[in-house]
Amino acid sequence: MTVYDREALLRTVSTFPLIDNHCHNLLTSDASVACPLEICFSEACGEALNDARQTSAFKRGIRQLAELYGCPSTLDNIKEVQDLMSYNKICETCFKPTGIQSLLLDDGLDPLGGLMDVQSHVGLVDDARRIVRIESIAEKILNDLATSVVRKEQKVLNFAAFEEPLKKQLEACAKSESVVGFKSIAAYRSGLDINCVQNAEFAAVALGNFVSDFESLSDNQGKYISLNNLGFGDSDLDLISSNPLLLRPLIEKYPNTKFVLLHASYPYSRQAGYLASVYSNVYVDTGLIFPMVSSSGQLASLRELLEICPSNKILFSTDGHYHPESFYVATIQGREALGKVLIESVENEEFSYEEAIKIAKNIMFGNSNTLYKLNLTPKQVDDKECKDISGEQKIIQLRKKGVKFVRVGYLDCSNQYRIHIIPIDRFQNYIVKSGLSSLRALTAFPYYCDLVPKNVGFNVSGELVLKPDLSTLVHLPYYPKHANVQTFFGNKFTPVDSQYVKDNNSPDTSIVPHCPRSCLKKIMDSALKDLGITFLFGSELEFVLLKNITPPEPVDDTVYAAASSFRGSSSEILDKMVESLQEQGIEVEQFHSEAATGQFEIVIGPQSPLIAADRVVLTPGTGAHVHLSFKEGDKSTKVVDDHPSGLSPYERSFIAGVLHHLKAICAFALPTDHSYTRTVDNCWAGSWICWSVENREAPIRVCYRPKTGPNGRYLDVHFEHKFVDGTSNPYLVFSALIASGVDGIKKGMQLTTNPMLENPAALSDKERNKAGVTERMPGSLRDTLTALKEDKVLVDALGEQMVQCYIGVKEDEHKYCKSLSHEDQLK
């Protein structure tokens with residue numbers, strides 16, 4: 001099944017550690033004062049640097065730095081913030097969000113005479129190594145040699161006087177454990193049309209000419225112009241002579257030497273990619289274009305590289321230099337561009353999802369680690385740390401939008417969404433780090449009151465902490481001053497909690513076993529670890545629009561997908577609803593009127609299960625058909641056999657597992673007494689336990705979509721589960737579906753029936769029996785709760801304490817509902 005998880009791919013690109021293949025040392029604190037910030041965004045120098053402020057690269061970079069520093073997006077405002085910070089704090093602020101694990105530093109760029117040494121960068125990053133600039137060593141030897149000759153008035157000069165110390169120093173550098181490579185800036189000096197023919201006589205003449213020129217440049221004080229004084233930027237570059245194709249004779253002459261073409265060879269990226277594709281010893285790095293080229297130019301350059309360049313020969317770099325801001329902006333722009341280009345490649349079916357993930361990791365870390373034999377292990381970024389970083393930027397953006405309050409939300413067993421509203425200052429300064437204290441029993445409240453029922457496994461005592469998941473922080477456009485964030489439950493232990501800790505079977509007692517989001521995350525992680533399976537979930541959310549509540553009066557009486565249903569105020573309301581969802585980052589695939597009067601449906605796009613459940617919470621709905629697909633490990637294409645369904649063995653076993661556990665799943669999917677009015681004949685939700693292919697009268701529908709990939713045409717498959725309604729808790733429903741299907745795969749369950757292609761309710765008992773359809777869907781909440789109690793697999797998967805709490809709440813709600821009249825129940 002060729003599907004990919006967009007969020008997972010972008011998260012990998014955003015958070016995987018980096019090896020900065022080529023960059024330069026930071027300035028010391030004193031030297032940084034004299035160096036303008038504009039050099040981060042331009043290779044210009046002198047008066048030309050003033051014009052850099054009018055480039056798209058500068059304006060974009062300033063906006064990104066303003067977000068980092070939390071100030072208006074002008075250079076003056078940024079400088080005002082910096083003036084209030086120590087230089088060390090500025091460096092830490094810029095480097096923390098980058099995720100750079102190792103810096104490979106060319107320390108030969110020192111026009112101001114104030115660079116931090118290589119090891120001084122350790123602390124900002126875990127590892128720092130040196131790239132030796134050959135010209136720096138050669139120029140120093142030449143300078144000393146020429147000075148000696150001039151002072152001694154020496155007439156004869158042996159070329160060995162230059163050659164031997166140069167070789168000696170280069171050999172010493174090569175033996176140093178801190179040195180990973182050598183660099184030449186020939187493109188800036190002679191161009192890349194390098195004469196590869198070794199000619200001792202020619203070299204000696206050149207050396208003599210240099211000494212003669214050097215003598216004529218001396219002044220009365222005996223000081224000499226340094227060949228290392230390049231100023232800011234590289235305006236001395238002859239762009240025409242920097243075409244990497246000119247290096248072919250050199251590359252061919254030294255096939256055992258690894259050549260890394262820096263700066264994406266911009267604007268010759270395509271040519272650099274070609275060289276890397278035909279020579280095994282050629283690599284290309286991505287530096288300089290971030291942040292000195294516009295966003296569209298960066299994307300174009302990366303696309304050109306990937307047109308032909310093997311992805312295992314592309315190396316990430318910032319070309320960061322002098323200012324820590326240059327590393328920060330280059331990194332966030334580099335990650336953003338890489339994510340966009342890889343997403344495009346997956347959508348164009350050039351790479352599979354797994355391949356794109358692998359390519360991203362290799363470009364950012366693996367390729368440099370292998371090439372330079374660094375032997376580094378990618379430092380796993382702690383989820384909380386990563387979310388805090390992204391959350392800081394989100395909070396800054398929310399403030400700019402005028403947000404004053406944050407809704408700290410959670411979903412309980414009754415599918416009641418509960419919120420605590422926190423002023424944004426307190427949220428940012430305290431709640432983000434410490435969480436929000438609340439009652440431990442909060443997830444056990446029934447829908448009709450705030451009391452803890454019997455038999456839920458705990459009482460009213462004890463506290464927990466609501467821990468904000470900043471990856472879910474989102475602005476609510478329909479409440480412009482409010483944002484919303486989802487939470488995980490964490491334990492807040494007190495001295496009297498020893499018995500609770502003892503009774504808690506969780507291996508990590510800081511995790512509350514009654515947290516629906518933690519439950520789903522645990523089951524997702526288990527499926528990935530045990531079977532290498534990842535999932536995508538999408539939902540169809542149905543709801544009814546009313547003109548009046550008492551008595552209920554629908555906005556119209558039109559039929560399914562009728563164009564006439566979109567007229568007047570209802571059309572305006574639906575437009576605003578969809579626009580609000582889109583502003584929250586929720587992908588809306590389509591919306592239309594449904595079969596019931598006043599009923600409409602919004603279909604939201606697929607995401608990983610936790611994100612999908614979060615989005616269901618923020619989307620209106622009374623019905624919630626769930627669509628599910630999964631990816632089998634690292635396979636770029638699914639394993640198929642000759643089964644007539646066209647489904648893979650895993651897919652068939654997954655469906656078989658869901659069918660096997662269906663009655664228990666319904667305890668979560670149909671969680672109220674009135675939910676079972678949907679499991680009747682001819683209601684398009686399924687009244688008999690079976691599976692189908694494109695048949696909406698079966699509870700499980702297999703959906704096929706023809707697609708074309710690298711290996712030709714194939715069928716992309718996902719499963720619709722029609723027996724879910726909007727009163728359910730999506731975290732628990734998704735957990736039960738995954739756990740049931742995974743159980744089917746682990747046990748090798750087989751589909752014992754063919755797909756039901758008829759409406760099973762329209763068949764006779766004999767016809768259904770012949771098709772192997774013998775059981776009706778459950779008809780009451782009590783039946784499904786009993787099935788859940790007896791389903792050891794689901795109890796173990798979701799956790800005994802979670803299931804006990806859930807069943808206790810639902811039994812209490814069932815008892816309360818039965819005490820009411822039919823009319824009061826409907827209220």
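Author: Arg-303 has a relative accessible area of 33% and is partly exposed; buried means under 20% relative accessible area, exposed over 50%, and partly exposed in between, with a 1.4 Å probe and protein chains only. This is a predicted model, in which local features need pLDDT of at least 70 and side-chain atom pairs count only at pLDDT 80 or more, while totals for chains, interfaces and linings use all residues. Residues are numbered from 1 along each chain as its sequence is written, and side-chain values use heavy atoms, with hydrogens and water left out.

Reader: With which residue does Arg-303 form a salt bridge?

Author: Side chains of opposite charge can pair when their charged atoms come close. A salt bridge is a side-chain nitrogen of Lys or Arg within 4 Å of a carboxyl oxygen of Asp or Glu. Here the partner of Arg-303 is Glu-344, with the closest N and O atoms 2.8 Å apart. Glu-344 belongs to helix α14 and Arg-303 to helix α13 (residues 295-308), so the pair ties together parts 41 residues apart in sequence. Glu-344 is partly exposed, at 27% relative accessibility. Helices (H or I, at least four residues) and strands (E, at least two) are DSSP runs, numbered from the N terminus.

Reader: Over the face of which ring does Arg-517 lie?

Author: A charge sits over a ring if NZ of Lys or CZ of Arg is within 6 Å of the ring centre and within 35 degrees of the ring normal. Arg-517 lies over the face of Phe-488, at 4.4 Å from the ring centre. Arg-407 lies over the face of Tyr-479, at 4.3 Å from the ring centre.

Reader: How many residues apart in helix α19 are Lys-521 and Asp-525?

Author: An α-helix has 3.6 residues a turn, so residues three or four places apart point the same way. Lys-521 and Asp-525 are four residues apart in α19, about one helical turn. They form a salt bridge, with the closest N and O atoms 3.1 Å apart. Lys-521 is partly exposed at 27%, as is Asp-525 at 38%.

Reader: How many aromatic pairs does the whole structure hold?

Author: Rings of Phe, Tyr and Trp (its six-membered ring) pair if their centres lie within 6.5 Å; planes under 30 degrees apart count as stacked, over 60 as edge-to-face and the rest as tilted. A search finds 20 such pairs. Tyr-447 and Tyr-448 form an edge-to-face pair, 6.0 Å centre to centre with 80° between the planes. Phe-654 and Phe-719 are stacked, at 6.2 Å and 25°. The latter pair links helix α22 (residues 649-660) with strand β22 (residues 712-721), 65 residues apart.
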